Amino acid sequence: MVKGKRFTDFRDTGDPVSAARIYNAQNADELVFLDIEASSDGRRALIDVIEAVSRECFMPLTVGGGVRTIDDIRTLLRAGADKVVITTAAVEDPEFVARASDIFGAQCIIGGVDVRRTDAGEHQIHTRNGTVRHSTALAAHLTELERLGAGEIFVNSIDEDGMMQGYDVALIRAARAATTLPLIVCGGAGHFQHLADGFEAGADAVACASVFHFGDNNPIRARSFLKNKGYPVKFT
Amino acid sequence: MIGIIDYGMGNLRSVRNALDAQAIEAHIVDTPAAIRSAQRLIVPGVGAFAHAMRELHQRALVQPIRDAAAAGTPILGICLGMQLFVSEGTESEHTSGLDLIGGVCSRLRVTAPQRLPHVGWNAISLRRPHPVFEGVRTATDYYFVHSFAVTTTHDEDVLAETEYGTRFTSVIARGSVIGTQFHPEKSQTSGLRILENFANWDGTC
């Protein structure tokens with residue numbers, strides 16, 4: 001398991017199964033595993049991790065990265081995943097999202113979007129781990145994902161990834177305006193106020209990694225902070 | 001022994017894992033004979049109502065499930081499994097359900113800021129005690145992921161409701177049949193307790 005900055009510069013963050021066990025004990029709301037390499041060896045390792053995690057963590061498990069075929073999804077679900085994030089394939093082969101949604105149900109399919117911000121503040125969609133830029137407008141892509149049958153949207157800011165300086169709030173607002181689907185935002189949380197900022201901008205759920213890996217923080221504290229601020233959080 | 005019914009619709013593994021973790025004996029069952037010999041049954045499932053009923057019919061599992069309910073076998077439906085318990089689904093076409101509990105399954109009507117699917121953690125308000133909820137903390141959230149919900153013909157079949165823009169039925173119960181719209185197998189401590197209670201329940205209230 002690693003955590004990077006801006007999709008590079010990865011630091012080892014330990015054993016994923018142990019980390020999942022700890023998050024489970026802290027009653028995290030959901031675990032998201034993103035396979036950044038999506039190589040065949042890495043995929044086998046990831047499936048082993050999901051199998052191990054699903055045996056002892058009784059919460060929603062979401063897996064993304066390199067999900068390209070119906071068989072990929074079937075294999076991940078069989079391993080214990082509940083939902084998959086489709087990012088690159090959703091741009092390169094949009095009908096795949098529709099097929100996946102028909103077969104597994106919209107509740108299982110999360111449309112992923114990796115976004116970079118230009119100097120002019122425009123949000124550009126990227127695929128293949130941030131290496132390929134696309135000209136499709138963010139709003140149009142989100143509308144399309146909804147039409148194709150995605151059940152949720154997962155928006156990841158490449159610029160803010162691992163920087164711990166806060167979410168790209170303008171990106172969240174833009175995504176919120178473009179879709180009625182539940183919106184999960186990722187990339188940038190460095191302290192708990194950032195989570196509140198994410199909700200204020202229109203996120204339905206906030207994803208965090210660095211804030212937990214690189215500090216003395218955990219989901220219990222995050223929920224307490226948000227609860228004191230008046231946000232609805234899970235009763236455990 | 002608990003039989004987890006496999007009709008090709010869903011994540012049996014997470015239900016199995018949640019039972020295994022508590023050392024509760026469970027088998028995947030997919031034949032009429034295996035359903036008849038199970039002491040308790042779980043109907044899991046995610047996906048579409050009509051598709052699920054077709055799968056159950058193709059495997060000739062509809063009548064064995066009805067017979068088990070009539071014989072007082074404890075049966076737990078989870079999410080889509082619970083929805084199939086009512087008389088009719090109105091998803092894309094009208095489809096007859098298992099009809100263990102009178103009612104219909106239809107799309108939730110929500111207004112902004114609520115969105116569909118209803119996905120995430122939410123509370124339930126239990127209307128009355130039930131053996132399957134014995135000892136489960138009241139202030140607990142459960143994991144939901146669905147766009148449809150059931151409305152029972154008889155109000156007394158509603159065991160719990162949940163608020164999500166609208167008030168919908170989140171647990172139904174009649175005799176030895178109980179169904180939860182949420183996923184106990186994904187709902188951490190309280191969810192595991194519900195499964196454990198079910199494994200010890202004799203089907204009477």
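Author: Let's start with a word we'll need: a residue is buried under 20% relative accessible area, exposed over 50% and partly exposed in between (1.4 Å probe, protein chains only). This is a predicted model, where local features need pLDDT of at least 70, side-chain atom pairs count only at pLDDT 80 or more, and totals for chains, interfaces and linings use all residues. Residues are numbered from 1 along each chain as its sequence is written, chains are lettered from A and ligands numbered from 1 in the order in which they are written, and side-chain values use heavy atoms, leaving out hydrogens and water.

Reader: What makes strand 11 of chain B largely enclosed?

Author: Four of the five residues in strand 11 (residues 148-152) of chain B are buried, so the rest of the structure largely encloses it. By the way, strands (E, at least two residues) and helices (H or I, at least four) are DSSP runs, numbered from the N terminus.

Reader: Why is Phe192(A) called buried?

Author: Its relative accessibility is 12%, and the cut-off is under 20%. So Phe192(A) counts as buried.

Reader: And is Phe225(A) buried or partly exposed?

Author: Phe225(A) has a relative accessible area of 24%, so it's partly exposed.

Reader: Why is the pair of Phe192(A) and Phe225(A) called tilted?

Author: Rings of Phe, Tyr and Trp (its six-membered ring) pair if their centres lie within 6.5 Å; planes under 30 degrees apart are stacked, over 60 edge-to-face, the rest tilted. Here the centres are 5.9 Å apart and the planes at 50 degrees, so tilted it is. The pair links helix 8 and helix 10 of chain A, 33 residues apart.
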